[in-house]
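Hello,

Please have a look at it first, then read on.

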Amino acid sequence: MRAFLVLFSILIISVNASAQDNYEVSLISKDLLPYASAVVRNKEVSVEVKDLNNTTYHIKTAVTILNKNGNDIAHIVVWHNKSNIIKSIKGTVYNQFGKLTGKFSERDFEDVNSGNDFSLFEDSKVKHYNPAVTDYPYTIAYEYEVKSKQSLNFDDWEPNSTTGLAVEKSSYTFSCKPDFNIRYKEFNVPGKVIIGTDKQGLKTYTWQVSNLKAVRDEPYSPNHDKYLTRVKIAPEKFSYEGITGSFTNWKELGKWEYDKLLASRLKVSDVTASHMKELTVGITDPKLKAKKIYEYMQGKTHYISVQIGIGGYQPFLAADVDQQNYGDCKALVNYTQALLKTVNIDSYYCVVQAGSRKVNMLSDFASMDQGNHIILCLPFKNDTTFLECTSQKMPFGFLSDFTDDRTVLACTPEGGKLIHTPKYTAQNNLQQRKATFVINADGELSGDMLTSFKGTQYDTREGIIEEAPKEQIKSLKKEYVINNLDIEKAEFKQDKSLQPITTEHVKLYARDYGSVNEGKLYFLTNATNRMTNVPREIRNRHNDVYINRGYTDEDEISYTLPAGYHVDLKPTDVSIDKPFGKFHATIAIKGNELVYKRRLQVFDGTYNKDIYQDLVDFYQAVVESDDNNVTLVKGN
């Protein structure tokens, strides 16, 4: 009888365990399947701050991958270095019926440097694992633990971290001693945080969500924090790489960065200081003086990545960069700042979230993890100027689309302050093209084309300019999709003044550009700048329409027509005027010359979701106009 009871108890425990880990796909609620490429079955994230130099992360996850679009969600990535140590990783894979099909452990992960080819100092690594499964759907379940020797940065909680991801259950628990204070900021969290005390007397903060439907991927959507769930946490007191501090706002955080990480790094040798004074002798305008020094720095240094020790936050000594002629963004900004200081020009070391997508620092929530790049600010009176110090070619005072129009943290002796980088408007971001072509009776096209690029379009051709002449020709043929194109000459010039301009001059020839049939000649009026993509149709859109950056394209093409031909049929003029953009295309005939003009202007901003269909129709009209032909007929 006793043996039977023991066996019965074991069976009950086994059944319960099996029920807890039942990943059969059919058990997923049908309500969670629309728009989902994957479903989180359960994710438990536990963060415990044992002391200022000891934080433990424990992550336990099970996610069902429904189709190939969810493969990225199955990709496990764990970052580590000497201060963030992986204690354990293990996992299992199940088929759609919940049957175990495989197991994996840390030895199955690939361990690679998290940097890149231009990283000279790199101790940060990434362990990653992708299950070799192509039979959908399947479930991957795994857990791992990481010990972090710091308390400055904590990972965000993102239960639905991307579009197309539904969530059955997800929880996040942050535990700490009663005297360890935190601030938190919630984004689109459906429930309230539960604050309590656990059995060990630790203060706990717990967030939970369940049955979150997948958010549909919608073109022209705002940044994720507008519609996905996230919680950010920041400490009051902390330690990072043995350096302690405290902050509750941007002013205090910027003050800590300046005092602890920056102030002692600015000195250069007396020889270098004297050289800067000689270099700028006779220049009275501080901005022109700064331009001279900036261009000196560009010619002397080159960029490398540094991610070792506190290298993630603290720059090289300016004197070391001066000797070695290289550095990362922090080091090159710090070095430029030191050079400017020798001629009494003040500047601010600025932390920014860089990238083509504009992301601001959160005005009401200070944390160290909101930036990934450093730029320099020169606070000239009524003429604040920003510098990108990692490029040897960027014009003085030009940021392009990498750090434009966003809030950044300036670290000053008085503390941190939020300031805004310059915005390049739709009018500023201007591409102007003027072409003079001849088309003959056989449909051959020849002529010259002059294009200027301004604003964030200034560096549109930067990659091509750096290529060898033969490679430039190949690249330009990809830019100008003209059948049988032969580029006879290509020249580029860059004016790096305070309003920089790139100019491109192309001489080209294309046989059979026009087609001849029964005495008629047909050719595209827009030879050089055609739009081909239209945003997909979406019914019942949820998100506002967001246009990240505006621009203007202006094209004027003059065609000299073949002798004896006249225009038989031409497209009607197009004129569209919407809050988010304008498009105008016209054709004029002057003797044997046809002049085509096109102007497309798009305005950045956030617009009501109800205008999305107007946006689709707008781009559809542009595509159709760009695809229009002119018909010439021979004779009177």
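Which strands each supply at least two residues of the lining of the second largest pocket? They are β14 (230-235), β31 (545-547) and β37 (605-607). Strands here are DSSP runs of E with at least two residues, helices are runs of H or I with at least four, and both are numbered from the N terminus.

Before going further, please keep in mind that this is a predicted model, where local features need pLDDT of at least 70, side-chain atom pairs count only at pLDDT 80 or more, and totals for chains, interfaces and linings use all residues. Residues are numbered from 1 along each chain as its sequence is written, and side-chain values use heavy atoms, leaving out hydrogens and water.

Back to the pocket (on a 1 Å grid over the protein atoms alone, an open set of points with protein on both sides within 12 Å along at least five of seven lines; a cavity is a set where a 1.4 Å probe fits but cannot get out, and lining residues have an atom within 4 Å of a point). The second largest pocket holds about 780 Å³ of space, a volume being the space filled by probe spheres set on the points, which are joined across faces, edges and corners. Of its 32 lining residues, N223, D225, K358, V359 and N360 lie nearest the centre. The lining has 13 charged, twelve polar and seven nonpolar residues (Asp, Glu, Lys and Arg count as charged; Ala, Val, Leu, Ile, Met, Phe, Trp, Tyr, Cys and Pro as nonpolar; the others, Gly among them, as polar).

There is also one cavity of 30 Å³ or more in the whole structure. The largest cavity has about 60 Å³ of space, and its lining includes T525, P571 and Y596. Strand β35 (residues 581-590) gives the most to that lining, with three residues. By class, the lining of the largest cavity has five nonpolar, five polar and one charged residues.

Most residues other than glycine have a negative phi, and most peptide bonds are trans. Y136 and P137, however, are joined by a cis peptide bond, with omega about -10°; P137 sits in the loop between β8 (125-129) and β9 (138-148). E241 has a positive phi, near 50°, and is found in the loop between β15 (237-240) and β16 (243-246).

Enjoy exploring!

Best wishes
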